[in-house]
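Let's take a walk through this model together.

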Amino acid sequence: MDAMLHISTLHYLVLGAALFLLGVIGVLTRRNVVIVLMSIELILNAVNLNLVALSRYWQGMPARLGGGAQALHGQVFAIFVITDAAAEAAVGLGILIAFFRNKETVNVDEVNLLKW
Amino acid sequence: MLFLDHIYLIPLLPAFGAAMMFFFGRRVQKATVSAVCVGVVVLAFIMACGAVLQYTTWADANHHQPYQKILYTWLGTETGHFNFLTKDGSQAVFQADAGFLLDPLSSIWLLFVTGVGMLIHIYSIGYMGHEGGYYRFFGYLNLFMFAMLTLVLANNYVLMFVGWEGVGLCSYLLIGFYFHRKSASDAANKAFIVNRIGDAGFILGMFFIAWYFGSLRYTNVIAAARSGHFQIGDPIITAATLLLFVGACGKSAQLPLYVWLPDAMEGPTPVSALIHAATMVTAGVYMVARSNALFLLAPTSMKTVAIVGALTAIFAASIGLVQNDIKRVLAYSTVSQLGYMFLALGVGAFAAGVFHVFTHSFFKALLFLGAGAVIHSMSGEQDMRNMGDLAHRIPITYRTMLVATLAIAGIPPFAGFFSKDEILWQAWTREGTAYHILWFIGYATALMTAFYMFRLIYLTFFGKPRMSHEVEHHIHECPHSMAVPLLILAVCSLSAGWLSWPPSLGGSARFEKFLDPVFAPEAQVLQEEGKAAQLAAGEREAEHTSPSEYLLMFLSVAAAGVGWFMARRSYENADKGFTEPIQAISPPVYNTLLNKYYVDEAYDYAFTGRRKIGDVRLGVMGLGEASSWFDANVVDGAVNAAGWITRLTATISKWWDTWIIDGVGVNGPAILARMLSYPARLFEWGLVQWYALVMTAGLVGFVFYYVYH
């Protein structure tokens, strides 16, 4: 049971990969821009999970290799990514509103101006 | 020596008057205009008298040298660009001074130009009083006085030419004074253009003189001509003098350039009197007399002068016989008398010619002013056929004109007798049949002169009144400002001849002695030539007392008397529709004379080309048409051809630019790029998610590649 209850770094990475995959599928398949943005949040958070998990993994490593209690880079970086995600959501939603005002739709297939 | 030192003021005073009129004339009163313009001429006359008086005393102390006053060098410098080699290789300088020369010859011109000019200025106050452009008239008159005095007082040919052109300009301006009248402006143009021909001769003659003698100053030229270095009959001197004479022909209205003078009568009458009778037209005589030293070296030129003079005299006199316009009669009379003067110069009787200029200036000015008074009283009528019976209505005019007529007809003791008789006598005494023919021409002219002048008198002042009642009612004697000059000129016309009372009649020929310093050396040359009569002072006495001279005198007086008698018989009782005696004898002759020998028409055909012969236009206008054709077809054709070639080149160039440079060079790559772009575009259809899918696929591809490679 103990072994079963032990959650290793690998679990985190698998979960992160699953979340990332879900996010990518969402971005590529959903037509509603809001869902697409939400999927991007998923991708970012999957990355955050990886960063935090690997940071924790590094804390268990010996200090001479750069590990130890002080190895917090990954966690700090995750906070930056969260901030970035918020900003990106704000900009994305701003573009979405501007777009909606013009086209009265939030459907991505109808946004096809980005071509020659 | 006050006047002599300031001799330059004599021409400058009228110039000042003219400048005043030019700048302020329009704004001032007529009285001011008269005061300024007449004032400066009166001052000039006083200065001229003073200068001549002082010159006579000065000359006695200075070997009768000409007095020269050189203000500054006007053209050329001692070392300037105008240096050149004369024909004999010596260094000469083309130099002209603003310099004035006074000698007996210029003294005489100076005196009568200022004197007669002054009287005519005074006369004009009355005559022009009712006319518009009063200040303009007086400004031109003053300008004329300036130019004429410059001409007379210049000490070199170039400055003389300045005056020469100046009087020509003023003549033009004054003939065209009534410029709103087409005939007047035409006459002005004619005078100006005909004079240009003469002036061209003058300029060329001047060039010859400068080249041959190395100077244009009279004193230098005359000294060189008298030095004996030059042969008599030297071809260059002959050419130069002939060219100068062409100039004289233009200005002094000799054949064949006389045609402008009769037309010049379109100007106001005082102008006709001053410019076209008394002063300006004698400029040619002055120039020839001034160049006497040169002319004596060219016997051919002398003969030309004499022959042209004599022919002009009889030609113009014969036209004058039948003219009906009172001023035209006088105009032809002037041409005829100028012919006399040139006849005198041509036979070497320079002093006699100058003397005739002198006396002629008085009686011809008087005749014109009298004619002006007649026209004035006749309300502008100039046709003698519409006059008659004026003698007792305008007695002053009649009496003064009669004096002038007696003078010009050569009745002693009036002025014309002495001068004309002297000329005929001098022509007679030159040896050779040719000179006797010239004498006879002159003699016949004297007869004609008497006839046409008394014809004028009888038609104007006697016979039945032929004017309309309205005109008759307005006849009035002229105002004092016109009468006084008439009276003064009448006194001069009577007495001017006495200055040269011939020795044969107990006189002393003072006038000729006064001119001796200018002409005496020429008598020597004439003697050496061997063809001349003995003209030296000692011989002259003997010649003059010969019985043939008395005979000639008697003959001239008889001719004048016959002319008078014939005129009296023909015109004494002329009524409306009177018959001309010449017309009665031979209508074709009469018509030829009345139409002035058709010279104007001939000139129109031959020289001006105003009339066509068939389709051909000769003369200047023909030349103009030929030039116009040449310009339109050859010159413009060449221009158009050049333009056409340019356009062709431009078209080719444009085609090359459009199709080769722009088409192949610039648009070609662009088209290529566009064509290549079509397949590339197919990858891009604008769906964000598609792009994202491709990116993802690429990413996945790379990952797989690196993981499983």
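What covers the buried residues of helix 2 of chain A? The cover includes helix 3 (33-59) of chain A together with helix 29 (688-708) of chain B. Before going further, please note that this is a predicted model, in which local features need pLDDT of at least 70, side-chain atom pairs count only at pLDDT 80 or more, and totals for chains, interfaces and linings use all residues. Residues are numbered from 1 along each chain as its sequence is written, while chains are lettered from A and ligands numbered from 1 in the order in which they are written.

Helix 2 of chain A (residues 9-29) has 21 residues. From its first C-alpha to its last it reaches 30 Å, close to the 30 Å expected at 1.5 Å a residue (that is, 1.5 Å times one less than its number of residues). Helices here are DSSP runs of H or I with at least four residues, strands are runs of E with at least two, and both are numbered from the N terminus. The buried residues of helix 2 of chain A are A:G16, A:G23, A:V24 and A:V27. Seen down the axis of helix 2 of chain A, these buried residues fall within an arc of 100 degrees, so they line one face of the helix; the arc is that of the directions from the helix axis to the C-beta atoms. On the other side, A:L10, A:H11, A:V14, A:A18 and A:T29 are exposed. Buried means 20 or more other C-beta atoms within 10 Å of a residue's own, exposed means 12 or fewer, and partly exposed lies in between, with C-beta atoms placed from the backbone.

Now step back to chain A as a whole. It has four helices and zero strands, and buried residues make up 13% of its 116 residues. Along its principal axes, the C-alpha trace of chain A spans about 55 × 30 × 25 Å.

Where do the two chains meet? The contact takes 11 residues from chain A and 10 residues from chain B, a contact being two residues whose C-beta atoms, placed from the backbone, lie within 7 Å.

Finally, look into chain B. B:G168 lies in helix 6 (residues 157-175) of chain B and is buried, with 22 other C-beta atoms within 10 Å. Leaving out residues up to four places away in sequence, B:G168 touches B:F192 and B:N195. B:G168 and B:A191 are 23 residues apart in sequence, yet 8.2 Å apart in space, C-alpha to C-alpha.
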